[in-house]
Amino acid sequence: MKGKFKKIIALVLVLIVIIGAVSVGVIYNKKKLRSITLDKTSISLKTGETAKLTATLEPLDTNNTEVKWMVTVGDTVAAVSEDGTVTANNPGIATIVCESVDKPEISASCQVCVTSEPPKVSAENALVYNVDTGNIIMTKKADSKTSPASLAKILTASVALKYAKADDVFTVGSELKLVKPGSSICQIREGFKLSLQDLICGMLVSSGNDAAYTIAANIARKESGNNMTDKAAIEHFCELMNAYAKEIGMTNSNFTSPDGWDDDEQYTTAADLAILTRNAISIPEIKEVVAYDSKHVTFASGQHIVWSNTNLMLHKDSDFYNEYVTGFKTGSTTKAGKCLISTYESSEESTAGNFVIVVLGCDSDAQRYEDTEKLIKWARENKHA
């Protein structure tokens, strides 16, 4: 009996040793692979491009080095091969996962943003800003200096609304004599009284250089508290323009007039103009005005006028009409060429997107609209970027 009991005890001890060894081995193996790390957590590719992802297993276990790659989101957007090579197929967002074969619960992922090649445009400078994602998704010489033309009037309006209220009434004065011959004007006359909002409308809708100078002179005197000469008032307003531009992040611009008239010392870039427009969108009084295709206005002094927007994308009877364009401003001078900043907004599934499109230095009116339309279509296809 004692011998039998000893055998049982021995067997139990053997089982304990075996179970303990197995347990230790399991624990050891579990400790062997704690994580997978990819060399990239996000990548951006153009359609047709490839990128190689590399996985690092920590700690390295020669008995547990097999991984598998898969696309868990966006299988039509991108594909991944057995060695981690990602191929971009269609615009969109894809998620690539690297998973341990032995321990599927251990994995790592990489987000892949695929965009198509932007269209060729004739504009000397161009930029597309995705308002929804906050990304600049297309550029063409966006940091090259160019004349701002009437696009400077967006800044003039922004500065004016910093120092005065939209319903403040100003009198048109002798500053009109400073408006250059051949300027686009909104037909205001010395002695007329207009609210600031109406002056901004005449400046941004009808592109009135006369309204720009009236705004500049009145705001400069209001801000300084001094009855400056017309020339001094305009110079002071330009100081306010440059200070405001720097304040909002325009780092490569300088302004010497409120209307953007060609001047060797006056320049900006497509990138800075996108910043300016992004800021102006947040100012309700400006966003409202630039959306008008035309506007009937009664001045504080009693005169009536109808202003028509110089942006043909807002006119339903125009070949360039786009129902989702909500503004913003045209510009045209000898140095600047034909320019256009547009804002596009749509929440409809097939046309969804929210963009700022800048095209500068076009050869013709038609070209600036055609380039803008090309970029709108491309931006919609790549709205995820």
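A salt bridge here is a side-chain nitrogen of Lys or Arg within 4 Å of a carboxyl oxygen of Asp or Glu. By that rule, the side chains of K287 and E345 meet in a salt bridge, at 3.2 Å from N to O. The model is predicted, so to speak of local features requires pLDDT of at least 70, while side-chain atom pairs count only at pLDDT 80 or more and totals for chains, interfaces and linings use all residues. Residues are numbered from 1 along each chain as its sequence is written, and side-chain values use heavy atoms, with hydrogens and water left out.

**Salt bridges**

- The structure holds 11 salt bridges, and a few of them are picked out below.
- The K287–E345 pair links distant parts of the chain: K287 sits in helix α7 (residues 284-290) and E345 in strand β17, 58 residues apart. Helices (H or I, at least four residues) and strands (E, at least two) are DSSP runs, numbered from the N terminus.
- K287 is partly exposed at 33% relative accessibility, and E345 is partly exposed at 28%. For these labels, buried means under 20% relative accessible area, exposed means over 50%, and partly exposed lies in between (1.4 Å probe, protein chains only).
- D264 and K335 also meet through their side chains in a salt bridge, with 3.2 Å from N to O. This pair, too, links distant parts of the chain, 71 residues apart: D264 is in the loop between α5 (230-248) and α6 (270-281), and K335 is in the loop between β16 (325-333) and β17 (337-346).
- D264 counts as exposed, at 67% relative accessibility, while K335 is partly exposed, with a relative accessible area of 45%.
- D365 and R368 form a salt bridge at 2.8 Å, N to O. They are separated by about one helical turn because they lie three residues apart in helix α8 (residues 365-381).
- R368 is buried, with a relative accessible area of 6%, whereas D365 is partly exposed at 36%.
- K338 joins D365 and R368 in a network of salt bridges.

**Aromatic rings**

- A search of the whole structure finds five aromatic pairs. Rings of Phe, Tyr and Trp (its six-membered ring) pair if their centres lie within 6.5 Å; planes under 30 degrees apart count as stacked, over 60 as edge-to-face and the rest as tilted.
- One of the pairs is F192 with F299, which is tilted, with 5.8 Å centre to centre and 50° between the planes.
- This pair links distant parts of the chain, 107 residues apart: F192 is in the loop between β12 (169-171) and β13 (193-195), and F299 is in the loop between β14 (294-298) and β15 (304-308).
- F192 counts as buried at 17% relative accessibility, and F299 is buried with a relative accessible area of 4%.
- Together with W307, F192 and F299 form one aromatic cluster.
- Elsewhere, K145 lies over the face of Y267, at 4.3 Å from the ring centre. A charge sits over a ring if NZ of Lys or CZ of Arg is within 6 Å of the ring centre and within 35 degrees of the ring normal.

**A buried threonine**

- T268 is placed in the loop between α5 and α6, and at 0% relative accessibility T268 counts as buried.
- The side chain of T268 makes a polar contact with the side chain of S253, at 2.7 Å. A polar contact is a pair of N or O atoms within 3.5 Å; within protein, one must be able to donate a hydrogen and the other to accept it, and residues adjacent in sequence count only if both atoms are side-chain atoms.

**Sheets**

- Four strands make an open sheet in the order β2-β9-β8-β5, with mixed pairing. Two strands pair if DSSP finds at least two bridges between them.
- Its edge strands are β2 (42-46) and β5 (67-73), each pairing on one side only.
- β2 and strand β9 (residues 107-115) pair in the parallel sense over five bridges, and the bridge partner of K46 in β9 is T115.
- Another open sheet has three strands in the order β3-β7-β6, with antiparallel pairing. The edge strands there are β3 (50-52) and β6 (78-80), each pairing on one side only.
- β3 and strand β7 (residues 85-88) run antiparallel and are joined by three bridges, with T50 standing opposite T87 in β7.
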